[in-house]
Protein chains: 2
Amino acid sequence: MIKLSNFPFKTQKTVPNGSDNKSTWILLQAGFIRQTMAWVYTYTTLGLKVLRKIENIVREEMDNYGVAETLMPALSPKELWDKTGRWDSIDVFFHVPAANNKEYGLNSTHEEIVTPLVWEFIQSYKDLPTSVYQIQNKFRNEKRAKSWILRWREFLMKDAYSFHLSNEDFEKYYEWMKEVYLNIFKRIGLWEDTIIALADWWTFTEKFSHEFQVKIDIWEDVIYKDNKTWICYNQEITPVKVGKENVADSELLEKKDIKHSSDIIWVEALEKFLWVPKEKTTKTLFFETAEGKFIVASVRWDYEINTLKLQKILWTTSLVFASEEKVKEITGAEIGYAWIINLPENVDIYLDDSIEWLTNFETWTNKTGFHTININFWKDLELPQKFYDFKDAKIWDKNPETWEIYEVFKASEIWNIFPLETKFTKAFGVQYLGEDNKMQTPLMGCYGIWVSRAMWLVAEKYATEKGIKWPENIAPVKYYIAVIWEENIEKAYELIEKLKLDKSEIILDDRMWRKIGFGQKMWDAELLWIPNVIVISKKTLEQDSYELNWELIKF
Amino acid sequence: MIKLSNFPFKTQKTVPNGSDNKSTWILLQAGFIRQTMAWVYTYTTLGLKVLRKIENIVREEMDNYGVAETLMPALSPKELWDKTGRWDSIDVFFHVPAANNKEYGLNSTHEEIVTPLVWEFIQSYKDLPTSVYQIQNKFRNEKRAKSWILRWREFLMKDAYSFHLSNEDFEKYYEWMKEVYLNIFKRIGLWEDTIIALADWWTFTEKFSHEFQVKIDIWEDVIYKDNKTWICYNQEITPVKVGKENVADSELLEKKDIKHSSDIIWVEALEKFLWVPKEKTTKTLFFETAEGKFIVASVRWDYEINTLKLQKILWTTSLVFASEEKVKEITGAEIGYAWIINLPENVDIYLDDSIEWLTNFETWTNKTGFHTININFWKDLELPQKFYDFKDAKIWDKNPETWEIYEVFKASEIWNIFPLETKFTKAFGVQYLGEDNKMQTPLMGCYGIWVSRAMWLVAEKYATEKGIKWPENIAPVKYYIAVIWEENIEKAYELIEKLKLDKSEIILDDRMWRKIGFGQKMWDAELLWIPNVIVISKKTLEQDSYELNWELIKF
């Protein structure tokens, strides 16, 4: 029972620190949280109660499904990360210098800890499938935050890991887990706003991960939905094909070089200068792969090159921009003037399909200071064997299969599930004795939930001007008992006993001083949004009653 | 409900890794824990259940007492620690390098976070007293461990902090908190073995902290108990006075220098060489204080100098050994030959009372290569104004007040309470408006419980050869339901419904393969030490019954 008379974390008339969203503003004002440093928070009593209720819903659903809870540490030895090569490759991974010239990891994820842990218990195919989960803090060495809610440096996460004999077994589990996740949404009040989007998780797989995305104004991702198939895609992997319409001219013009004017910075100026519509201009970037190959990639002006898509096409472990010197060496032109014409034969050219149907289009042509206009395939340029899709999707784009225009919306990822295949089990040499008496490598799956982010997304969704209208089963407590004038406090205890109320679900407003009267008490009860408000006052007692949500009830 | 058929963390016939104590050995064998790295553990399902039960008992007792739960982060900004000067002075504090040239603390304690947090909510004397607590992981950059149980690098702790108007108010709260702690002990089964010992917490106070110490073989501290007053002391502060008995000779001999033989290393050899009993030899160390003062301190040979006691006598922020050069410069002798005779006047000499009644004793006398024997106060040496107590207590020592010989035993600290006075509130400039309209600094108290260590101490206390005999309210689950032969599994579900058993309190042994028969199931139930064992077999079903702890009960 929280007695407000000596409770430190009081509501405030004004917000102590600003925030960029309405939920954090109210969480601060209601005394649910405080910021300890940028993107690192303290949960005060009532905020912690909400967080724990969400956490317990997650726990119940995982337990019901037979996943074994565990609790792995926040610190881990470098040796485990060396096995997968992720010690240096996770860019937000904190390395902690320690005594005896050691370095520990402060875990941003736990695959490297869970894989050898479970391995110790797996000997034979009879031990599979099995799965474990934990609800544990993760740490990320973030450089920049997107908002108060997203990309924290320390946050609570549920992560589960499953181990399987076969792909079939894995896929069955994976589909079940999606159901478990949807159950959790229902219970915490995010059901209607959640969609499942396909996303990338690793270069070297054709499988997608699944992100559960909440449509919300405080967003991190852009989601593309095909309303014919109901499939949603994270922008990073949304497939796009540009059609033929509105781009082909009937007459193919003569190619022409035009000297560039240094006044031209924006494409709109270029449009006027060259008498070419901007849809007929192109954009080219030069890359180097992990294998040292030089790649030239080009998209239509109004698209951006999606390096993730391009990397998957190239099937390479890294893809970086080529240096200025390298571009000059190979194209013969300054970096700003290089394009795909007149390149040496050993350079690989990749054209996006947004270029495929262009006619009379403009580019730079590896001649410093010059544009070329009226370029056409067949005539001025060989048609490549294949056009690719390595562009970022944008509004009005269409799905290549259904030709449906995507519905586009902003969203925040709240959980994700990954088919890890054998990436980690292979790295750790995990094997089991199969039914056929041969050693086999188990498949793995990984299933995350951002528990603390879930609390913020609920807060943002249910925020009103007067408080956060928490769904009843995650409201901080069930009862707010306001006692007006001290002589009546015993009556409150009597009522608690009589109704057999769970004491951990009660705020007792026993503040009798500093003119904290009825109005202030009701203002607080509303700001905290406690579903059941009980009032015991002289007025109610005269009728031997108390008030529950404004209704008079006999003692 | 844990179903063993797909539960990963199985019991083992042999222990996968060695351990230096019986409890850890059984925790490993029963699959309660695994070591992730030295002194960093993973809790597997059943170990976590025990930990959470202890945690919840602590939480309930704190909540009942009206302490507000909070959850502060593990990371903290350096600026907070700079205010108290503890960024560098806590030797086990992890410093974490971060993006943007920052460094964060990985908290080993939370005074620097809680003080400004609560301060924000305190304006006037009407807001006090108040108190908060959290159950949160602490991190310590330990160099060496004492045992598998003590001195971890990552462990769960409950820490509470109280804020007060007056010393009287603080002391009342402090005494109450001791009661709360003893309640917690009772509930987790450590009541009989716990004693409260006085200990030090800060140089600049005469107040003691209180350590709750569990008498146990896996120990870290030595406790001295005065059986007259029932007061217990941590060895570090145990007061000792050496009496007159057995040390005074009737005849005072002539002082004599004897050349040292380089063969003599041990005091026993010295004894024979000089014809002086070892109780008449002395031990001297040279120190420098924070203020740059040179200190010479001497105790009788059979004691050790307790630098904590000496530092308190000197009331200085630091006390370090003087360098070899400094000793030579001041005493004129090599460091091994220096003593308290013939020193310059500006050197402060401190003699322990173990020297007070010595006659005809031996020392070095600042003459390289020489011992001096037959030294006597008055005759060869001025009697100092005062003898001090700065020795470590040892067995057979007596309390200076009661002259009672101490009872000495080994123990492990499980929690402690500290009177922080105004150490932290002053550092953060925390003030409130007093009833007299003047600004005042609140007093603070701090109250710790090593939650994860508590689990180990219970395990160690209740360890048997067959399993850890957990006290019933912290056993991993309440029911172990063993089903013999598959056709009977539905009967188990039926029984669970009928008895309305809490599903989170059940292990269902539904393993039907690999010859896991009745014997193995009972062996597991005992190793895990589940208080209620239910057996459903063909035999019991023939009588339309199940067995509960070997007693046949009708369905």
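Colleague: How do you know what rotation superposes chain B on chain A?

Modeller: The superposition is by least squares on the C-alpha atoms of residues with pLDDT of at least 70 in both copies. It gives a rotation of 180° with 0.1 Å of shift along the axis, at RMSD 0.2 Å. The two copies are thus related as by a two-fold rotation axis. This is a predicted model: local features need pLDDT of at least 70, side-chain atom pairs count only at pLDDT 80 or more, and totals for chains, interfaces and linings use all residues. Residues are numbered from 1 along each chain as its sequence is written, while chains are lettered from A and ligands numbered from 1 in the order in which they are written.

Colleague: Which residue of chain B comes closest to the rotation axis?

Modeller: B:Val96, with its C-alpha at 2.5 Å.

Colleague: What makes strands 17 and 18 of chain A edges?

Modeller: Strands are DSSP runs of E, at least two residues, numbered from the N terminus. Two strands pair if DSSP finds at least two bridges between them. The open sheet of four strands in chain A has the order 17-15-16-18, with mixed pairing. Strand 17 (319–321) and strand 18 (348–351) each have a single partner strand, so one side of each lacks a neighbour in the sheet.

Colleague: How do you know that strand 16 of chain A joins strand 18 of chain A?

Modeller: Four bridges join strand 16 (residues 294–300) to strand 18, and the two run parallel. In strand 18, A:Ile349 is the bridge partner of A:Val296.
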